[in-house]
Amino acid sequence: MSTSPRPRIGLFVTCLVDLVRPQVGFAAAALLERAGCDVEVPAAQTCCGQPAWNSGIDADAKDIARAVIAAFEGFDYVVAPSGSCAGMIKRHYPEMFEKDAAWLPRARALAAKTHELMSFLVKVCGMTGVTAAYAKKVCYHDSCSSLREMGVKAEPRALLATVDGLSLAELTDAQVCCGFGGLFSVKYPEISERMADDKIADACATGADALLGGDLGCLLHLKGRMQRAGKALEVRHVAEVLAGMGGEKALGEP
Amino acid sequence: MSLDPRAFAENARAALKDPLLKPALGRLKTHFGAGRAYAVHAYGDFEPLREAGKAIRDYAVTHLDELLVQFEASVGARGGTVHWARDAGEARRVILSILQDVGAGTVTKGKSMVTEEIQLNPFLEANGIVPVETDLGEYIIQLRNEPPSHIIAPAFHLSKEQVAETFRTSHTALDPARNLVERNALVQEARGILRAQFERADAGITGANFLSAKEGAAIIVTNEGNGDLTRLLPKTHIVVTGIEKVVADMDDVAVLLRLLPRSATGQAISTYVSVMAGPTGESDGPENFHVVLVDNGRSSLIGTEAQDVLRCIRCSACMNHCPIYGAVGGHAYGATYMGPIGAALNPGTMGVAETAHHANASTFCGRCAEVCPVMIPLPKIMRHWRAVEYASGLAPKAITRGLSFWAFAAKRPRLYRLGARIAARALKLMSRRGAVRSVPVSNGWFAVRDFPAPQGRTFQELWKARR
């Protein structure tokens, strides 16, 4: 690791974690600190800009991206508890500034040191296990961005395997989208509903007590659908379980 | 029956409620998805093959001008004729004039999506020529007066019971009490009826999967043998295809033939591969060989951010793996090309205003790009069309107003932090038993789901307090 014995991490907490579930941010920080990192949270962060970019509103997306680059480029690494936001920075910022000679090098430099949390812990920090207990049968929901943009699949499973009492059941269609897709969930609610119901049925069929995932967007969509449809599966961000916070209230638990 | 692409959202809602559609679409995974996965696994190292396919198609798309002229010369040297059609209307008129020159009354057709695109059949009928679809799926939907719901399996949306019903209604000369329970009974019945049509046809029309510039050949892959009967029995054969189907030579075709059936049906190779290189000069082949090259908006994509979509070899892998297509089926799109390839192509050829829904109805999950045999960045192209839609002022105002409001705050961290603190508290206060049931400004979200209650304070404020 680069500039100091303890690498300085800029935690990109994500707008959804900030608003809905701060616990995920604290879990991420705790895991990073246990892995030997110093964690800082730049106050200037708001969002990665993905809603604007995916809607084709390039000017707004670029304004927000430039602010993220400026706020985070001084750190050794940027880590997000989300494949989606990390993927935005890593894959789409360089694409966004493809024709901008001033910002492209900065976008590329930031992209090169940006990681999704699970993959950073395992691949960069060399974490092989955690000290945590969670006596439940769980299934893991791979977000499309973690799986296909960031190439994360084995890492969360490897860490979950070291949690006391936890057993992992694989979804039959783990590679299939849950139907969140950001604004897609609002623009085409009925299609999104069908995709959520298929994913929830897949999870229930495994006999799992809990559904864990690495992206809060998918989890809010799936838990929200479960609440509406009367399904009682516990839903959590994987970082909470790995950080030993699996005993706290789950997502949407009164 | 033909649906309006501008009404995609309504079409999709209706499709989701169709009890027969869900089991039919369930076969995408068991039939095409599993088939492709096995074929790719059995092949071994598939990625270099995709890279090779991409390179071949990229060369073709960036050398269309040279290759098409070479193709025309090669076909001419073998005694065939190439016709150029700028748009659907020109293509229809060229085809009609060829058919009228040979006095054709009945024309058999192999499966061709380009003839669907140019809406050839109704035009021929209006001009007194009877088109007979001979691909089983195409034949079924022709009887039902429906467009294809899938580019390689046109009747994919139907169960065999629905097909039996269609045959009973259409084949009125046959015994009404006949047994049509087994799949094979349906095939045999269609075969018997089509055999007579093959013998009667004055001309045959097929599409082309590839055109080989050097050899002047058109190549089709088929599984039913109807393509060969269509092209060989009548005296006149017309190939109707898009200008982008050309590649340099048969060596390139050979590479693409490894990719196409594996990506499409999961076959190592299709049952038939037909190489059609002009009139045979023998007694048992066509005397007249025509190729109609249709542009219809394709060339306008060259040099744009959507250019890569022209690499497409129409295998259907993208739609077979698309969760949106898998939920609503092909008809909801109201266009000849549906699913991810439609979403990337249609806004360019049919217009962004007409087909903006196609580009928007995607979660950008990325499976389409992952399985595409020629590595088309489909989500990237869809995003491009969304940008064009927004820049043209065509995006829905309810969405863009909300995004502008959000972006205004997202660019002002202090304002944003304040807003987030208020929102976290407000949503928590509005929640009952861990869920927010409704917020008037986001009807789309709350139409089908609750919003899990926030913890009540933002991470940023808690972090600041802790440190």
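Colleague: What makes up the secondary structure of chain B?
Modeller: In this predicted model, chain B comprises 22 helices and 12 strands. Its C-alpha atoms fill a box of roughly 90 × 60 × 45 Å along the principal axes.

Colleague: Which strands of chain B form the open sheet, and in what order?
Modeller: The sheet has 6 strands in the order 1-10-7-4-2-3, and the pairing is parallel.

Colleague: Why are strand 1 and strand 3 of chain B called edge strands?
Modeller: Strand 1 (81–85) and strand 3 (130–133) of chain B each pair on one side only. On average, neighbouring strands of this sheet are turned by 25° against each other, direction ignored.

Colleague: How do you know that strand 2 and strand 3 of chain B are paired?
Modeller: Pairing requires at least two bridges, and 4 bridges join strand 2 (residues 106–109) to strand 3 of chain B. The two strands therefore count as paired, and they run parallel.

Colleague: Why is B:Leu3 called partly exposed?
Modeller: A residue is buried with 20 or more C-beta neighbours within 10 Å, exposed with 12 or fewer, and partly exposed in between. B:Leu3 has 19 such neighbours, so B:Leu3 is partly exposed. This residue is found in the segment before helix 1 of chain B.

Colleague: What does B:Leu3 touch beyond its neighbours in sequence?
Modeller: Not counting residues up to four places away in sequence, B:Leu3 touches B:Asn11, B:His331, B:Ala332 and B:Gly334. B:Leu3 and B:His331 are 328 residues apart along the chain, yet their C-alpha atoms are separated by 6.8 Å.

Colleague: Is A:Gly181 buried or exposed, and what makes it so?
Modeller: A:Gly181 has 27 C-beta neighbours inside 10 Å. The threshold for a buried residue is 20 or more, so A:Gly181 counts as buried. A:Gly181 is found in the loop between strand 6 (167–168) and helix 10 (184–187) of chain A. Leaving aside its neighbours within four places in sequence, A:Gly181 is in contact with B:Thr363 and B:Phe364.

Colleague: Why is strand 5 of chain A described as largely enclosed by the rest of the structure?
Modeller: Strand 5 (residues 137–141) of chain A has 5 residues and 4 of them are buried, so the description applies.

Colleague: Where do the domains of chain A lie, and what makes up the contact between them?
Modeller: The domain assignment gives domain 1 (8–124) and domain 2 (137–242) of chain A. Their C-alpha centres lie 22 Å apart. The contact takes 29 residues from domain 1 and 22 residues from domain 2 of chain A. Elements giving two or more residues to the domain 1 side include helix 2 (22–34) and helix 5 (83–96) of chain A. By class, that side has 14 nonpolar, 10 polar and 5 charged residues.

Colleague: Which domains does the assignment give for chain B?
Modeller: It gives domain 1 (45–294) and domain 2 (398–466) of chain B, and 54 Å separate their centres, taken over C-alpha atoms.

Colleague: How many residues does each chain give to the contact between chain A and chain B?
Modeller: Chain B gives 53 residues and chain A gives 57 residues. Among the elements giving two or more residues to the chain B side are helix 18 (378–391), helix 19 (397–410) and helix 20 (413–430) of chain B. That side divides into 33 nonpolar, 10 polar and 10 charged residues.

Colleague: What is in the largest nonpolar core?
Modeller: The core has 220 residues, and those with the most contacts inside it include A:Val79, A:Leu121, B:Val246 and B:Ala344. Leaving aside neighbours within four places in sequence, B:Ala344 is in contact with residues including B:Ala306, B:Ile376 and B:Met382. In soluble globular proteins, nonpolar side chains tend to be buried together.

Key:
Residues are numbered from 1 along each chain as its sequence is written. Chains are lettered from A and ligands numbered from 1 in the order in which they are written. This is a predicted model: local features need pLDDT of at least 70, side-chain atom pairs count only at pLDDT 80 or more; totals for chains, interfaces and linings use all residues. A nonpolar core is a set of buried Ala, Val, Leu, Ile, Met, Phe, Trp, Tyr and Cys residues joined through C-beta atoms within 7 Å. Two residues are in contact if their C-beta atoms, placed from the backbone, lie within 7 Å. Domain bounds come from an automatic or database domain assignment. Axes are lines fitted to C-alpha atoms, for helices over the stretch in contact, and angles run from 0 to 180 degrees between N-to-C directions. Ala, Val, Leu, Ile, Met, Phe, Trp, Tyr, Cys and Pro count as nonpolar, Asp, Glu, Lys and Arg as charged, and the others, Gly among them, as polar.
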